[in-house]
Amino acid sequence: MIPSLRTWFRRFGKTNPPHREGQPKVLITGGLGFIFSHVTEYFVAKGWNVVVIDNLSEGSNPQIIDGSFMHHHFHMADPKVIDLIVKEEPDYVIHAAAISDVDYSVREPRRTLEKNIRGNLHAFEACRQLPNLKKFVYVSTDEVYGECEYKKKEGEMMNPKNPYSCSKAVGSLMRISYDNTYDSLKGKTAETRFCNVFGPRQDSAKITSAIKRSMDEGYSIPLHQEGKGYREYIYVKNIPPAIELILERGQGIYNMTLNDGFTVSELVKKAEEVTGRTVTTHPSERPGMDLKYQMDSTRIRELGWNPVYTFEEGLKEYLCDE
Ligand SMILES: NC(=O)c1ccc[n+]([C@@H]2O[C@H](COP(=O)([O-])OP(=O)(O)OC[C@H]3O[C@@H](n4cnc5c(N)ncnc54)[C@H](O)[C@@H]3O)[C@@H](O)[C@H]2O)c1
C-alpha cells in the first residue's frame, strides 16, 4: 500500500517545504509539543519559513507534520544539533523543547536535568554562532520563582523547588550570561515565563485536560494537596501572538499571565459551572509541590500585549467546542 503524504512525512522525520522568498525564518525547538505546535502553525499560516527541531518524545503531536514546515527529528541534548541550527541560519530561534512533566522529573531527576540542561546549552551555543540572528527566545515557567506569596516580578530571585523547574532556571541563568558575554547575542535575547497554559493537545495528565477527560470519560483526577494548589491559567491560543510580539520588540524576561488565578478545587467548580457537567476526583500527594504561583504581568502588557481570549472564553471553547 502507498503511504499517505502525512504518513510519509512522519516516517522520514524530515520535510523540505518550499522556501518562501523574502519571508522570515523561525526555528522552533519543541515545535510539535502542546503549546508550540500552535506557534508552529501560527507562523506557517503567516507565510514564514518554519523549521522545527523535535525528537517526537512525550507531548509531541506528529500529526501536524504535513510538509508545510521543515521538521528535524533530533534530540536537543545531542551536541550535533549545534551545527544543525547554525546551518539553518534562522532569523529567529525559540527554544521550547524540554521534558515538561514535573512528576516525571521527581521520579527521574538525573535524566530531566541532564537532557533539559544539555538542550539549553546547545541552543545557546548555536545562537552565539549566528551573527545575523534577530532574536532568541528562551521559554521558561512561573515555577522558577518557587512559592509565590505575592505576584512575582521578573527581576526577583529564582527559587526552583523541583528538578523540572531547576532545569528551567538553569536556562534562565544561561540566557543572562550569554546575552551579557557574546556580542552576537547582546540585547537580542528574551525569556517568557508562562503561567499554566491550557487548551487543545495538552497532555492528559495536566489539570485542565484531566478535567476534560473526567467529563468525557469519567476519569478520576488525583487531587494533590486537597486541591489547594493555586495557579494562574491562560488559554493556549493567546500564546502565538505574544511570542510574535516578543520576537519583534521584546528584550529580557516577560511573565505571561492574565492573573486568572484559582485553587485546583475552584478550577474544577468553574469547569462544572461552564459546562453543567461533573468532574470526579480523589485525594493525592505530590512531593516538591509549591502551593501558589502568581506573577506580575506589567512588563508584557507595556510591550503591547492584547490577549485575544479571556480565561472564560478559552475554558468554554476548550471544554465545550474542542
Ligand atoms: N504547559 C505549560 O503550562 C507550561 C507552563 C510554563 C512553561 N512551559 C514551558 O513551555 C515549553 C513547552 O511546554 P509544553 O507543555 O508544550 O510541553 P510538551 O511536553 O507538550 O512539549 C514538549 C515538546 O518538546 C519535545 N522535546 C522534549 N525534549 C526534547 C529534546 N531534548 N529534543 C527535542 N525535542 C524535545 C517533545 O517531543 C515535545 O514535542 C516547555 O519549555 C515548558 O517548560 C509550559
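Student: Which strands does helix 8 lie across?

Tutor: Helix 8 (residues 239-249) lies across strand 4, strand 5, strand 6 (189-194) and strand 10, and runs at about 135° to strand 5. Angles run from 0 to 180 degrees between N-to-C directions, with axes fitted to C-alpha atoms, for helices over the stretch in contact; contact means C-beta atoms, placed from the backbone, within 7 Å. Helices (H or I, at least four residues) and strands (E, at least two) are DSSP runs, numbered from the N terminus. This is a predicted model: local features need pLDDT of at least 70, side-chain atom pairs count only at pLDDT 80 or more, and totals for chains, interfaces and linings use all residues. Residues are numbered from 1 along each chain as its sequence is written.

Student: What order do the strands of the open sheet have?

Tutor: The open sheet has 7 strands in the order 3-2-1-4-5-6-10, with parallel pairing. Two strands pair if DSSP finds at least two bridges between them.

Student: Which strands stand at the edges?

Tutor: Strand 3 (70-72) and strand 10 (252-256); each has a single partner strand, so one side of each lacks a neighbour in the sheet. On average, neighbouring strands are turned by 20° against each other, direction ignored.

Student: How many bridges join strand 1 to strand 4?

Tutor: Strand 1 (residues 25-29) and strand 4 run parallel and are joined by 4 bridges. Val-26 has Tyr-92 as its bridge partner, and Leu-27 stands opposite Val-93. Strand 4 also pairs with strand 5 (residues 135-141), in the parallel sense over 4 bridges; there His-95 partners Tyr-138.

Student: Are the residues of strand 4 buried or exposed?

Tutor: Buried: Tyr-92 and Ile-94 point one way, Val-93 and His-95 the other. Buried means 20 or more other C-beta atoms within 10 Å of the residue's own, exposed 12 or fewer, partly exposed in between, with C-beta atoms placed from the backbone.

Student: Which residues of helix 2 are buried?

Tutor: Among them are Phe-34, Ile-35, Phe-36 and Phe-43. The cover over the buried residues includes strand 1, strand 4 and helix 8.

Student: And what follows helix 2?

Tutor: Gly-47, with a positive phi near 90°.

How values were computed:
Two residues are in contact if their C-beta atoms, placed from the backbone, lie within 7 Å.
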